[in-house]
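Please report on the architecture of this protein and on the surroundings of its ligand.

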Amino acid sequence: MRKINKILVANRGEIAIRIMRTCREMNIATVAVFSDADRTSMHVRYADEAYYVGPAPSKDSYLKADKIIEVALQSKADAIHPGYGFLSENAGFAKLCKDNGIIFIGPSPEVIEKMGDKIQARKAMIAAGVPVVPGTTEAIQSEEEAIETIRSIGLPVMIKASAGGGGKGMRLVEKEENIISGVRAARSEALAAFGDDAVYIEKYVTSPHHIEFQILGDQHGDAVHLFERECSIQRRHQKMVEETPSVLMTEELRFQMGKHAVDAAKAVNYVGAGTIEFLVDNDLNYYFLEMNTRLQVEHPITERVTGIDLVKKQIDVAEGQHLNLIQSELEQKGHAIECRIYAEDSDNNFMPSPGKIHTITQPLGLGVRTDGYVYEGYEIPIHYDPMISKLIVWAQTREEAIQRMRRALYEYKITGIRTSLKFLERIMDTPDFVSGNYDTNFIEKNRSTLMATDDCEQECQDMVIISTYFDFINRKNKVIPSKELNPAKNRWKKYTYQKNFDRL
Ligand code: MV4
């Protein structure tokens, strides 16, 4: 047991603020790190202290492991929370924390490394009795071996990079004559992206659902699952909408998959919050796909239906506390949906749309949560993820949750940049979404209706832009320029802020 009194959050944007909010509730002091592009970012203002770590490109700042460790030591942080992305699934960084006496809020370097290697992960899951997609358990050694193996598995297959994940270094092969070119393409993509050309082969699952289970493990060998999240609404491996419970799920299937998710966690002595991703086919066969050893973007829907603060649990178990959760006592109450709001132009091939936020009106009211970080006058940097906010709604039933999401999307107004808000409204209006009859082909299948922008919608949008622009002009003299909001008089710029942090 080691009490955590101060946490360095090695991230930016909405997730950095999300983590610091829980820290504040736990009387834990927070340390922010920021790049040149983030001097005026909200996470810097929210934190008790903030330190500059380098130029705008991630590789020169948020990925600088040595620099971040140096700041943690200097600020006397007990622990580092990596958030998602950046250093969150970097085994070397987790090890570096450990070697410097800093608690890494996440699983051990060994587990991160093992699960990052998809061939090793498959082997570990087979050993734990968790169903995996039929395929190879070793890296493919030659093109001849690939042909032979694929003949025995049967086409179509997926050729996947062992160092990959999330869709990178992946090739679908449907015809025998495309095997060799598929292997070569997957290998060269993997080598370029990960410096490792090991590939393996899986049977292709047609029109699958992407359903993941949230798991939590502690240092005493205990692990539970917090049910599923249906994440099939994706575009180019970018999730757009997630919901829980999944419409596809039966009590029996949930019980079986949940049990396998816990088996997976226990097999690797998992500590912290993690996700077991499954592919589920239309006959409800399910297969382990990947394990994510981090807190995920979509974690709030699980928090909403279970009532559990996942970041608090991460911190508790990182200190060595018991999970204090009993599987049979956990329940999913009601229905939660998350929409991701991206700074991109959905009607123009999803082009990124960085720039200055002129006005923003966020939805509020019963059952609504927004996790974001942008404010009026803020300029979204081009260097990072285009996701600017997550809108999470809860209601007692799925139908009410969809209506509430429609209402919240209607209230959400952002001007100055293009966003995915209108596209999300159209998803909520799509019959296949409303009926729950959708899989990973949803966006492709409904492309024509999702893309259609009728004149009325355009006129309404123009109206909003015109009225909010006048409002902006009206108020802009009262708006304090952001550079004056962040002067040296801010307490963390002058000295290290110390408080009596008695843990609750
Ligand atoms: C698959 C698959 C079908 N069969 N593997 C995409 C991301 C990466 N994590 C794995 N992915 C897939 N692996 C087999 N054997 C289909 C996908 C896939 C997918 C998976 C989840 C959500 C959306 C997807 C979109 C296209 C392909």
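This is a predicted model: local features need pLDDT of at least 70, side-chain atom pairs count only at pLDDT 80 or more; totals for chains, interfaces and linings use all residues.

Residues are numbered from 1 along each chain as its sequence is written, and side-chain values use heavy atoms, with hydrogens and water left out.

**Domains and annotations**

The protein is divided into domain 1 (6-105), domain 2 (134-203) and domain 3 (209-450), with bounds that come from an automatic or database domain assignment. Between the C-alpha centres of domain 1 and domain 2 the distance is 36 Å.

The unreviewed UniProt entry lists "domain: Biotin carboxylation" at residues 3-448. Helix makes up 34% of the chain over residues 3-448 and strand 28%, with the end C-alpha atoms 54 Å apart. UniProt annotations may be inferred rather than shown by experiment. Helices (H or I, at least four residues) and strands (E, at least two) are DSSP runs, numbered from the N terminus.

**The ligand site**

The ligand is surrounded by 18 residues, each having a heavy atom within 4 Å of it. The closest are Lys160, Glu202, Lys203, Val205 and Glu290. Because domain 2 (134-203) and domain 3 (209-450) both give residues to this shell, the ligand lies between them. Strand 6 (157-165), strand 8 (199-203), strand 12 (272-280) and strand 13 (286-292) each supply at least two shell residues. By class, the shell holds seven nonpolar, six polar and five charged residues; Asp, Glu, Lys and Arg count as charged, Ala, Val, Leu, Ile, Met, Phe, Trp, Tyr, Cys and Pro as nonpolar, and the others, Gly among them, as polar.

| Residue | Part of residue | Distance to a ligand nitrogen |
|---|---|---|
| Glu202 | side chain | 2.8 Å |
| Val205 | backbone | 2.9 Å |
| Glu290 | side chain | 3.0 Å |

Of the 520 Å² of accessible area that the ligand has on its own, the protein covers 90%, by the Shrake-Rupley method with a 1.4 Å probe.

**Helix 13**

Six of the eight residues of helix 13 (residues 421-428) are buried, so this helix is largely enclosed by the rest of the structure. Buried means under 20% relative accessible area (1.4 Å probe, protein chains only). The buried residues are Leu421, Phe423, Leu424, Arg426, Ile427 and Met428.

Methods
A polar contact is a pair of N or O atoms within 3.5 Å; within protein, one must be able to donate a hydrogen and the other to accept it, and residues adjacent in sequence count only if both atoms are side-chain atoms. Buried means under 20% relative accessible area, exposed over 50%, partly exposed in between (1.4 Å probe, protein chains only).
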